[in-house]
Amino acid sequence: MGNTSSMLTQYDIEEVQSHCKGIFSQREIISLYERFCILDRSGKGFILEDEFMAVPEFALNPLAQRLLRILEGVNFKEFVLLLSAFSPRASFKEKMEFIFKVYDSDGDGKVTTSDILGVLRDLSGSFLTEKQREQVVIQALDQAGFSSGCMLTYEDFVKVLVKANLKMEVEVPVD
Amino acid sequence: MGIQRTGVKVSNQLRDSSLFRPSQSEVDLYQHDMEDFLLDSAAEPAAPHQNKLLLCDLLDISGVLSEAASAIVDDSFTRCFKSNIPEPWNWNIYLLPLWCLGVIVRYCILFPVRVLLLTVGWIIFLGAFIPVHFILRKHDHMRRKIERGLVEFICSVFVASWTGVVKYHGPRPSRRPRQQVFVANHTSMIDFIILEQMTAFAVIMQKHPGWVGLLQNTVLESLGCIWFNRTESKDRHVVGEKLRKHVIDPESNLLLIFPEGTCVNNEYIVMFKKGAFELDCTVCPVAIKYNKIFVDAFWNSRKQSFTMHLLRLMTSWAVVCDVWYLEPQTIRPNETPIEFAERVRDMIAKRAGIKKVAWDGYLKYYRPSSKLTEKMQQKFAESMLRRLRTKTSDEDLSTSME
């Protein structure tokens, strides 16, 4: 790969910046572009599953497959928009939307009990039985005042997680 | 076509990663440090807070997502294999012609001279090696001595063909009554040539295709080099035996091993494979550091073939590097081979001024073992079970109080 930042014009950078609502600085976008080009080994303009999984730290993550569904095959502009949820400058709303997107695997705006079970399965692996997982989910929904068969909307998510101490900040290295 | 040549082939390999499941010893090797590394950085599961909803803790996956996002944005493993693209300095009206002049000198004057030098060197070498190899069949000791000298000669010719400026520090390797093995950090196949011009080592390498393979089968075979195939997990045991036999044999050449197992970009050093450290012999560490100002000597085997790599070196000004022969080390009484490997890696990293990384170099070729993911899953599962238990005990308490 040649000198990658020269392949991004000032216009491109500004376009990407406005697409992610100004969350990333221009230097961060250049840095992300260099990273995108390193991951996208064959220069196709999007990153494949195998190329993401070539990063061992990512491949180890229990939620790697769910994130792949969101991140695979997107172009650079979308890539930056998706990652902007992790910037310290992102609002609570943007972080919430990302978390909701991870849960809502079919994208219909509702998170069902089986969606929550699915994420719990990824997070706990074989260390919880299916019965224990159901127990946790039913108990958690019950305690929060939801019936076990109901579907959570984005607003429900916000109501529950507004008290959470979201640790969702990733620093983009800028040289 | 070598496996390392095209990016597509490598990704196919990753898809078939089940074929290249790491052997238990390999997993143990990096797990030792990896666990500490990961568990330190893993987000602590939220302490059960009376007023915090279980649902809140359950749905809050922000920590895990951040770890994944952090790995996407930057990770220490990919950094180990990043080629350094030199900053263009010819951006000026008078620097540009200077640079053009430099290009002309490098490609039209230096390069032909170097090719000529290399050709003459090879003619002399082959002219001496082939006869000696066949004529002195019976006089093994004499034959080996001459072959060693000839190999040192041709390596010096190679080094001269890139205008190699190599500064050697420390006592030169020599045969001692004690059994010994040499280990060094690995940046490119030229590491081998640079060390070989000083001492004719036998080395353990991956078999390559093309003209390199031909050289391996003929010249390097006579030095007593050992071959391995990194995709064969059973191969490790066989190779371990060969190594042991070689070290014990007093007639064999000094053995050089690159425990990283793959080429790394000379800014970082990845985990050492413990094979070299469980041979019951002294380990002599060698540190190599290239000066990047002249040329980046990192051979990115996925991006270019060795021939292209050599051509790039031959059209650069010079290859400047330092080689330090460090104090020989033996395994301490209470040390495991993995700890011994770490100690030696630490010495080499400090001397060469490169950063240590807790990754196994073979992760270039296969995916990490699921054991590490399972550790994280186990931690999470336990915290959830704890919450379940406190919830039920709270309920018992409240019902009993009513």
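Biologist: Why does B:Lys356 count as partly exposed?

Modeller: In this predicted model, B:Lys356 has a relative accessibility of 38%, and since buried means under 20% relative accessible area and exposed over 50%, with partly exposed in between (1.4 Å probe, protein chains only), B:Lys356 counts as partly exposed. B:Asp346, at 28% relative accessibility, is therefore placed in the partly exposed class too.

Biologist: What makes the pairing of B:Lys356 with B:Asp346 a salt bridge?

Modeller: The term requires a side-chain nitrogen of Lys or Arg within 4 Å of a carboxyl oxygen of Asp or Glu, and the closest N and O atoms of B:Lys356 and B:Asp346 are 3.3 Å apart, so the pair qualifies. B:Lys356 lies in strand E9 of chain B and B:Asp346 in helix H12 (residues 337–352), ten residues apart, where helices (H or I, at least four residues) and strands (E, at least two) are DSSP runs numbered from the N terminus.

Biologist: Why is B:Asp360 called buried?

Modeller: B:Asp360 has a relative accessible area of 1%, which falls below the limit for buried residues, so the word applies. Its salt-bridge partner is B:Lys273, with the closest N and O atoms 2.6 Å apart, and this pair links strand E9 (residues 355–360) to the loop between E6 and E7 of chain B, 87 residues apart. B:Lys273, at 10% relative accessibility, therefore counts as buried as well.

Biologist: What is B:Glu267 called, buried or partly exposed?

Modeller: B:Glu267 has a relative accessible area of 26% and is therefore partly exposed, and B:Lys292, at 24% relative accessibility, is likewise counted as partly exposed. These two residues form a salt bridge in which the closest N and O atoms are 2.9 Å apart.

Biologist: How do you know which residues of chain B and chain A belong to their contact?

Modeller: Contact means heavy atoms within 4.5 Å, and the contact takes 58 residues from chain B and 64 residues from chain A. Chain B and chain A bury about 5,400 Å² between them, 72% of it on carbon and sulfur atoms, where buried area is the accessible area (1.4 Å probe) that two parts lose on being put together, summed over both. In chain B, B:Leu59, B:Ile72 and B:Val73 lose the most area to chain A, together 13% of what that side buries.

Biologist: What makes B:Asp75 and A:Arg35 a salt bridge?

Modeller: Their side chains meet at 2.7 Å, N to O, which is inside the limit for a salt bridge, so the pair is counted.

Biologist: How much of chain B is buried?

Modeller: Buried residues make up 53% of the 402 residues in chain B, and the secondary structure of this chain comes to 13 helices and nine strands.

Biologist: How are the residues and chains labelled, and what limits apply to the values?

Modeller: Residues are numbered from 1 along each chain as its sequence is written, and chains are lettered from A and ligands numbered from 1 in the order in which they are written. Local features need pLDDT of at least 70 and side-chain atom pairs count only at pLDDT 80 or more, whereas totals for chains, interfaces and linings use all residues, and side-chain values use heavy atoms, with hydrogens and water left out.
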